[in-house]
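The structure comes before the text.

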Amino acid sequence: MRTNSATSAKNAQRSLRLEQNNIMENKQFETQAIRAQLERTDYNEHSAPLFLTSSFVFDTAEEMRAAFNEESDDFIYSRYVNPNTSEFINKVCLLEGADAGFATATGMAAIFTTFMSILKSGDHVVSCSSVFGATHAVFTKYFPKWNISYSYFNTNNANEIEKLIKPETKFIYLETPTNPAIELIDLELVAAVAKKHNILLIVDNCFATPYLQNPIKYGADLVIHSATKYMDGQGRVLGGIVVGKKELVHDIYLFGRLTGPSMSPFNAWVLSKSLETLALRMDRHCENALYVAQKLEGHAQLENVSYPFLPSHPHHAIAKKQMKAGGGIITLTLKGGYEAAKQFLDKLQMIKISPNLGDARSIVTHPASSTHCKLSEEERLKVGITPGLIRVSIGLENKEDILNDLLSALK
Ligand SMILES: Cc1ncc(COP(=O)(O)O)c(C=O)c1O
């Protein structure tokens with residue numbers, strides 16, 4: 001775990017720290033995302049170097065003992081934390097307004113490590129029902145094996161959510177916007193429910209990114225990201241991160257350092273560089289997505305076009321309240337169900353069919369037959385995944401080219 005607090009002079013000499021970290025807290029998002037970086041080494045490099053090393057050395061046995069016992073902040077072993085993962089964690093902490101974080105190999109590793117460090121047999125979780133397919137599989141397939149139960153909500157009604165809370169409920173878990181139905185959950189409302197019942201609120205902020213939405217500002221205790229998506233932004237590396245309150249993250253870090261879901265230094269190095277352009281990229285993703293959604297709304301072949309910043313979206317007011325812009329994902333529901341959806345996907349010329357999202361390249365996914373195929377038809381319909389639903393991750397290409405490819409496949 002790395003924290004934002006100033007480190008001792010001794011530690012600053014021994015291990016690399018964030019350059020000007022203390023002044024970064026007062027800077028704007030774009031500046032933090034670029035300027036919060038590791039201190040220079042003796043080589044005076046401008047851009048932070050890659051530390052491909054499994055472990056670190058100590059001058060004395062006493063220094064190694066102190067590091068293992070968390071009496072110093074020295075780097076020990078890259079399964080715990082490494083200068084590159086430290087840089088990435090510190091940046092995300094600044095951007096999300098968090099105290100501390102732990103970086104993992106994938107988004108699912110961040111979710112699973114968080115769950116496992118907090119939960120024990122007999123505990124209960126309340127979650128929004130529209131969650132990423134693999135997260136749903138953890139709830140439904142694995143939780144019962146460990147005697148952990150869950151209840152789903154699909155509402156922005158505080159009373160309905162409260163009814164699900166039991167004495168053994170440990171946290172409320174949610175995604176907003178949800179994957180893939182793009183439903184919005186009112187962060188302020190759910191945070192108030194969690195606070196009232198003295199339980200934690202954990203938010204998967206993957207679709208919004210810290211640029212568009214900061215759940216901690218609304219009362220979330222922990223925020224999780226699949227860094228594989230917009231944080232990387234170019235479909236190159238996998239990664240995950242959980243950030244939030246120091247004491248909670250410390251437990252997650254201790255569990256992670258023992259069980260080994262950690263992010264690789266190389267991926268952290270790539271992701272730290274990617275964060276430098278997150279704001280620019282998100283502005284363009286949002287501009288392109290809104291444009292395409294507006295142009296496709298009302299198309300004769302489409303039953304529905306969903307995008308949080310379209311006034312027709314049922315949760316438009318919530319989106320406007322908690323998001324800076326609508327994000328890069330739109331959904332299209334084709335008239336004619338699965339057959340029409342398949343034909344549409346196969347007719348696309350430029351945009352490729354792939355399970356990823358948040359890439360510079362636009363991507364289409366048919367959730368019912370891929371990312372959410374493990375759900376029963378009934379479960380899918382409950383969370384808005386109809387046979388004709390297509391998720392479009394709008395990329396950074398010229399918006400007319402994206403629109404024209406989609407329009408020609410709708411003919
Ligand atoms: C909302 C959300 N959370 C978590 C994940 C899992 O992330 P990863 O693929 O990096 O494990 C995904 C992946 O698509 C996602 O969309």
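The chain holds 17 helices and 13 strands; helices (H or I, at least four residues) and strands (E, at least two) are DSSP runs, numbered from the N terminus. The radius of gyration, taken over C-alpha atoms, is 22 Å, close to the 22 Å that the globule rule gives for 411 residues, so the chain is as compact as a globular protein of that length. That rule is 2.2 Å times the number of residues to the power 0.38. The C-alpha trace spans about 70 × 50 × 35 Å along its principal axes.

The model is predicted: local features need pLDDT of at least 70 and side-chain atom pairs count only at pLDDT 80 or more, while totals for chains, interfaces and linings use all residues. Residues are numbered from 1 along each chain as its sequence is written.

Two domains divide the chain, domain 1 (2-275) and domain 2 (278-409), with bounds that come from an automatic or database domain assignment. Their C-alpha centres lie 27 Å apart. The contact between them takes 33 residues from domain 1 and 33 residues from domain 2, where contact means C-beta atoms, placed from the backbone, within 7 Å. On the side of domain 1 that touches domain 2, the elements giving two or more residues are helix H3 (29-35), helix H7 (133-142), helix H10 (209-212) and helix H12 (265-275). The residues of that side divide into 17 nonpolar, 12 polar and four charged. In this division Ala, Val, Leu, Ile, Met, Phe, Trp, Tyr, Cys and Pro count as nonpolar, Asp, Glu, Lys and Arg as charged, and the others, Gly among them, as polar.

Helix H6 (residues 107-118) packs on helix H11 (residues 246-259) at an angle of about 105 degrees, with the axes 9 Å apart. Axes are lines fitted to C-alpha atoms, for helices over the stretch in contact, and angles run from 0 to 180 degrees between N-to-C directions. H6 and H11 are therefore roughly perpendicular to each other, a term for angles of 65 to 115 degrees; under 35 counts as roughly parallel, over 145 as roughly antiparallel and the rest as oblique. Thr-113, Thr-114, Met-116 and Ser-117 of H6 meet Asp-251, Ile-252, Phe-255 and Gly-256 of H11. By class, this contact has three nonpolar, four polar and one charged residue.

Around the ligand there are 13 residues, of which Thr-106, Gly-107, Met-108, Ser-226 and Thr-228 come nearest; a residue is near if its C-beta atom, placed from the backbone, lies within 6 Å. The shell has five nonpolar, six polar and two charged residues.

| Bond | Omega |
|---|---|
| Thr-176 to Pro-177 | near -5 degrees |
| Asn-179 to Pro-180 | about 0 degrees |

Pro-177 lies in the loop between strand E5 (169-175) and helix H9 (187-196), and Pro-180 is found in the loop between E5 and H9 as well. Asn-147, in the loop between H7 and strand E4 (149-153), has phi near 60 degrees, a positive value in a residue other than glycine.

Definitions and conventions
Two residues are in contact if their C-beta atoms, placed from the backbone, lie within 7 Å.
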